[in-house]
Amino acid sequence: MSFIIFALVALFFVIIYQIAKASEYATTLRGEDKVRASTNKLMAWLLLAFLVLGMYAAWHFHESILDKMLPVSASAEGREYDSMFKATIILTGIVFFITQTLLFWFAFRYQSTEKRKPYFYPHNNKLELLWTTIPAIVMAVLVMVGLKNWFLMTSPAPASAQVVEIVGKQFNWLIRYPGADGELGRRNFRLINDANNVLGLDYKGDPRNLDDVVNQSGELHIVKGRPVKLIIGSRDVIHDVGLPHFRYKMDAVPGITTTIWFTPTVSTEEMKKITKNPNFVYEISCDQLCGKGHYSMRGTVIVHDTQEEFNEWMRKQTPDYVTNFANKPASPAPANQAAPVTDSAKKTAMK
Amino acid sequence: MSTQNEHIVIDGPNLVHGGTSEVDHNVHPNDRDRHGADDALHGHAHHEPHFIFKYIFSQDHKYIAKQFLITGMVWAIIGALMSVFFRLQLGWPDKNFAILETFLGHWAKGGKLSPEFYYALVTMHGTILIFFVLTAGLSGTFANFLIPLQVGARDMASPFMNMLSYWFFFTASVVMFCSLFVQTGPASGGWTSYPPLSAIREASLGSGTGMDLWLIAMALFVVSTLLGGLNYVSTVLNMRTKGMSMTRLPLTVWALFFTAIIGILSFPVLLSGFVLLIFDRNFGTSFYLSEIFINGRALPHVGGSPILYQHLFWFLGHPEVYIIMLPGMGIASEILSTNSRKPIFGYFAMVISLVGITVLSFLVWAHHMFVSGMSPFLGSIFVLMTLLIAVPSAVKTFNWLTTIWRGKLRFNVPMMFAIGFVSMFISGGLTGIFLGNSALDIHLHDTYFVIAHFHLVMGVSAFMGMFAGIYHWFPKMFGRQMNNTLGYIHFWLTFIGAYLIFWPMHYEGIAGMPRRYFDYSAWESFKQFESLNSFISICAIVTFFAQLIFLVNFFASIWKGKKVTDPNPWGSTTLEWTTPIKPGHGNWPGEIPTVYRWAYDYKDDGNGNDFVPQNVPLREGEEAH
């Protein structure tokens, strides 16, 4: 096998070399100037052909791939993204079309011929001023639109937002929901134990942890129409919560808490209808290289149609504390279980 | 501003072999009077320098340039071959390729690439092409070759340091090359090597010995870049020939000058980032590490910040993009003007836009970190700065277009690549407007859109610039011409191939497909691109083989190419074409020419020529530029 490959490569080199030799002999035979002139003409035509065929191919490809692209944004903020993306693509598309056309057209139009005299034109301050100012103005507009959306997307989450914590580890997502108290308790990385405390919840120090639900299957349950605030963390290396359908993404950094919030607008069931795909599922991708399992670090998002539906699901979940410690007598954690604690003094502890 | 450097003595080689000045004797008769004393002492004139000092430890900038070029080409083949390997995996994730096992051994048992080695391949592909090829191979080649020849100097300000610069690069290359063969594999944390992944040995196989070697190689590489860069800057500032004011410099020299300045200011920051990383890896410090539980235990580190590394890294990482781009810009300007038989349009605007890019390149780094959780306000500043950098880039593009407008265009091979450069620069540059705008980056970040963007704008277009430069200055380097037919075939395959590879990737990225995935087939959202990925892989493989055409052409032409008979084969105005066809050490046999005019006087010289070289005195009534 490797001999065949070696032979093929050798043959390839020989062929190349022969082409080179043949072309050199042909040039000598036909006369160098003549060959140069005809090659010049050929290249000019090829450049023009490249422009026309390239533009056609780009358009054709665009049309053919549209059905494989993302469906409509599933978050309200993502809609802003979509319209801004569209505006930017139209604008850059126009610039792309004009500049590429000029480049290849000039190349074709001003190809060297016997008669042509190049036009000595070293500078023109007015022109240069013009194409400094116009891009500057266009960029200023883009910056303004961009920053308006940026500040919208990064603004503090509304108080009514559902709070969920999502923590990356090699190589899956851990998701924690607050229990009846509506608050997440403190975590401490030194308390992490893969057997019974994957997030290192500090049960002794913070009773708010007692009713927290931890989901290790990477399933994020949220509610259509209700803003959701994700508290993002990492146990080991940097990960990234990628939510392509919601047009969001945020790094999960060990030692630092990051957040994003958005308002889901399309439930999973609705999206199945929109995409005409009964298997449709919102996915969470890890978007920051995190090791050998990076490509398989998959989570999912279930967007419930109503709060009731979500509550129904939530009722079926068992707090982590109950699963791991409550029924075991040797438990090191306090015995009083799952009493909702609302201590507003400790409210900022999560930060 | 002009300096006269005829009296600079080229006695660098003395430093190497203890005071004998044999090496000096291939400098020209005019220079020899300076060495008269030496000649008398040793009584042997006109010796060819010893083989070792001529070809290996050479201090002649032209040889050092060739050393950089050929080392860079070796790396380019290795780096490109890696991309072929991982494209096989991406294109056909469910197939086995025996050839992978042949090349990679136990990393591809049964012809199936292991995920660990896939990540090692993408990491090394990035590292090699960005640093070893498009920084050392590109700047190293053209800054060394062109700066002394185009400013009218006999050599670099410090030929010895210049030699060291190459040998540090060579040592870095050896270390990096060795890292490919260590048992746990080469570094695999991405070319950015973000900690904690790169800092903790348990985090991934490549974070073991491979990462140690990677850091050592990169540290040596930084030293090489600094030695080279200081030399380039001091040569441009101090060693210009009589009449060569800064405003008469060719744009290649301007571009290489700013490239060197960017390198000098940003590489030390990278080095400091790496030193801290070495500390975290080996000495238990916590600069980048905090609250980590890995491999069943909590690490003692607290209080560090992985984001600090990202700031230090991107403070080089972004200017690095311009270190790669600027030489291409300079080369394209030169070649477009020469082959349009027209002056470059807006010389001063071109220089000022280079200044603008240089300054702004230091103020935009955090646009790589919009989704790292940084303060939104800080992010907004970087959005502004990033989109601002589009302005000088636009000015350059429009000036190139105006340069070819109403010219008399000769489509020789370098010209084709220069046109390809501009086309790629436009395509790749425009997508930067999406990524620089944080509200759009928040979706596009770390997707294939990013891959498409930077490959077009700094990968392919920098290569286009590099190829243009090689084809254009090959006659000066080797006294022979490269074959035209092969050159055209190389151009079209590369140009079309690159568009076919990277254009579709934009769509994958818009659809949210993350980069650096080993396999997409388990993902409901990304598996629909399977056939497209195979198509891209086929294009990548064809484009890779097209580069072999170039290699054959290059090496065959060194010995078999058509001999150059005209010392100025392109009808160019710059000084390098006033040297003999094969200039010796010292470049000009007689006195260094005096410069009377700017570098782009493409106009009727009154004798039927359509250009006036820089060393031709002004005619009566002609105004100096």
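In this predicted model, chain B and chain A bury about 10,500 Å² between them, and 73% of that area sits on carbon and sulfur atoms. On the residue level, 124 residues of chain B are in contact with 111 residues of chain A.

As for polar pairings, 31 residue pairs in polar contact turn up across the interface of chain B and chain A, counting pairs with both residues at pLDDT 80 or more. Helix α17 of chain B (residues 484-510) gives the most to the side that touches chain A, putting in 12 residues. Salt bridges across this interface come to 2. Glu32(A) and Lys562(B) pair up through their side chains in a salt bridge, with 3.2 Å from N to O.

Within chain A, there are two domains to look at: domain 1 (29-74 + 91-113) and domain 2 (162-325). Their contact draws on 5 residues from domain 1 and 12 residues from domain 2. Taken over C-alpha atoms, the centres of these two domains of chain A are 48 Å apart. Together the two domains bury about 670 Å², with 65% of it on carbon and sulfur atoms. On the domain 1 side, Leu70(A), Pro71(A) and Ala74(A) supply 74% of the area buried against domain 2, more than any other three residues.

Between domain 1 and domain 2 of chain A, the count is 3 residue pairs in polar contact (both at pLDDT 80 or more), alongside 0 salt bridges. The residues of domain 1 that touch domain 2 are 4 nonpolar and 1 polar, with no charged ones.

Definitions and conventions:
Residues numbered from 1 in each chain as written. Chains lettered and ligands numbered in written order. Predicted model: local features only at pLDDT ≥ 70, side-chain atom pairs only at ≥ 80, totals over all residues. Heavy atoms only, no water. Domains from an automatic or database assignment. Contact = heavy atoms within 4.5 Å. Buried area = accessible area lost by both parts, 1.4 Å probe. Salt bridge = Lys/Arg side-chain N within 4 Å of Asp/Glu carboxyl O. Polar contact = N/O pair within 3.5 Å; in protein donor to acceptor, adjacent residues only side chain to side chain. Nonpolar A, V, L, I, M, F, W, Y, C, P; charged D, E, K, R; others polar. Helix = DSSP H or I, 4+ residues; strand = E, 2+ residues; numbered from the N terminus.
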